[in-house]
Amino acid sequence: MQTQEILQHFYEKEVEKRRQNHLLAMEVYFQASKDSLAEDFRKAFQRICRQLQQQQVAQQKGPLAHITFSLLRTALLEKKYIYLVEGTDEEWFFDIQPILTAYDATWAFRFFEQFIDELTTYSKTFAGAITQADIESIKLQEVTHFHQYVISLARYALADIIQCSEYMSLSREPQLEIRIGEYLDVNEVVYNEDFTVRDRDEIKAWLEQNLDDEYPYEVFNNLNLSSGNYEGIDIRYAFFLKTNLIQSQLRDSLLIGANFSESKLIDADLSFSTIHEANFSHSQMQGVNLQQVQGAIGLLNQEGWEMPGYLPVLFTGANLEGANFELADLRGACFIGANVKYANFTGANLEKAMFSKEAQEHVSFDPIQATSIIWKE
């Protein structure tokens with residue numbers, strides 16, 4: 001067998017199989033540890049903001065428009081899992097004087113190291129046909145899968161910590177993005193804010209056009225979008241903080257990762273929508289229709305890994321009085337501190353969903369639901 005064929009065989013038969021095993025182990029660890037990891041990220045983010053703010057003052061840097069976390073592949077080859085953090089103005093990558101610090105993400109690459117060590121050991125059985133250079137090339141290619149957990153954690157953590165004084169002390173443009181990716185390469189928005197004045201009627205008309213690929217990651221905070229017809233819309237990872245969506249139609253929509261914190265969704269229809277990772281914390285949702293929504297935690301396919309598993313849908317502190325959750329799949333969702341009086345959970349899958357103990361007095365769960373729920377003091 002030729003060397004190139006051996007390498008192809010090694011990748012298809014060994015790398016892919018072993019990658020799956022280590023990513024599935026990483027998923028179990030991440031889901032079990034996400035809250036402690038989020039607390040560690042909070043501390044790191046606060047430290048980063050202090051460092052950026054000090055440099056901003058010392059260098060008389062203007063308002064920031066981007067904070068970008070970039071995985072450094074050169075450091076990766078030395079087993080240093082460091083992200084360069086750049087604070088830049090509206091020129092972004094063309095800002096000639098960014099302010100710089102770093103984020104240590106070693107936590108995310110423990111299973112990656114084990115994966116590469118296992119491949120290195122097994123490659124020696126091929127009598128030198130697979131070289132160290134080949135392993136390093138595989139390492140640079142495979143790291144992307146594990147890097148996705150840093151993105152997932154940042155989205156989970158930033159929702160609660162973005163109001164920290166260290167971040168608020170930064171001089172910021174009215175529009176600011178926090179992104180995570182690879183250095184001078186593809187990156188993803190994990191937080192987005194926009195304090196520019198926007199025309200409510202114009203935005204509402206734009207949303208009601210239901211255009212393809214126009215709305216994910218966009219910002220619709222502090223707007224009155226009530227009584228809108230947004231059925232079937234794709235607003236994945238968009239921001240609707242403190243937004244009025246009372247009596248709006250969002251049936252059969254893609255709401256994955258959308259942030260509706262402190263918003264008004266009274267009598268809104270979100271039925272049959274996909275709501276994995278959506279955040280409804282502290283929102284007014286009396287009478288909302290969430291019938292047959294899909295929002296389970298974790299991997300959709302427990303046998304194979306394609307992307308990090310979904311994080312919990314958050315209803316923390318929300319007013320859900322009279323809400324309809326009939327036949328919803330909300331495994332792992334968080335209802336702590338929520339008002340669920342008169343809510344309808346008939347047939348809903350609430351396995352490992354978290355409720356405050358006082359909820360038992362206000363809503364009726366069937367025996368399976370009651371025993372599968374995690375009750376919190």
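A salt bridge is taken here as a side-chain nitrogen of Lys or Arg lying within 4 Å of a carboxyl oxygen of Asp or Glu. In this structure, which is a predicted model, the side chains of Arg-200 and Asp-201 meet in such a bridge, with a distance of 2.7 Å from N to O. Both partners are partly exposed, Arg-200 having a relative accessibility of 29% and Asp-201 a relative accessible area of 48%.

A search of the whole structure finds 17 salt bridges. One of them joins Glu-166 to Arg-50, the closest N and O atoms being 3.4 Å apart.

Glu-377 is found in the segment after β8 (374–376) and Lys-357 in the loop between β7 (354–356) and α7 (367–372), so that the pair ties together parts of the chain 20 residues apart in sequence. Glu-377 counts as exposed, with a relative accessibility of 78%, while Lys-357 is partly exposed at 39%. Besides these pairs, Glu-14, Lys-17, Arg-18 and Glu-118 are linked with one another in a network of salt bridges. In general, side chains of opposite charge can pair when their charged atoms come close.

A negative patch is formed by Asp-212, Asp-213, Glu-214 and Glu-218. Of these residues, Glu-214 is placed in the loop between α6 and β6, where it is partly exposed, with a relative accessible area of 36%. A nonpolar patch of about 470 Å² is made by Phe-93, Phe-94, Tyr-183 and Leu-184. Its member Phe-94 lies in the loop between β2 (82–88) and β3 (99–104), and this residue is classed as exposed because its relative accessible area is 68%, a value over the 50% cut-off.

The loop between α6 (200–208) and β6 (334–335) also holds Ser-283, which is buried, with a relative accessible area of 0%. When residues up to four places away in sequence are not counted, Ser-283 touches Phe-260, Ser-261, Glu-262, Ser-263 and Leu-265, together with Ala-318 and Asn-319.

Leu-327 is likewise found in the loop between α6 and β6, but this residue is partly exposed, with a relative accessible area of 44%. Leaving aside neighbours within four places in sequence, Leu-327 is in contact with Gln-292, Thr-346, Gly-347 and Ala-348. The C-alpha atoms of Leu-327 and Ile-374, two residues 47 positions apart along the chain, are separated by 19 Å.

Notes:
Residues are numbered from 1 along each chain as its sequence is written. This is a predicted model: local features need pLDDT of at least 70, side-chain atom pairs count only at pLDDT 80 or more; totals for chains, interfaces and linings use all residues. Side-chain values use heavy atoms; hydrogens and water are left out. Helices (H or I, at least four residues) and strands (E, at least two) are DSSP runs, numbered from the N terminus. Buried means under 20% relative accessible area, exposed over 50%, partly exposed in between (1.4 Å probe, protein chains only). Contact means heavy atoms within 4.5 Å. Patches are made of residues with over 30% relative accessible area and no salt bridge: like charges are joined within 9 Å, nonpolar side chains (Val, Leu, Ile, Met, Phe, Trp, Tyr) within 5 Å. Accessible areas come from the Shrake-Rupley method with a 1.4 Å probe; for residues, only the protein chains shown count as cover. Lys and Arg count as positive and Asp and Glu as negative; His and the chain ends are not counted. The place of a charge is taken as NZ of Lys, CZ of Arg, CG of Asp or CD of Glu.
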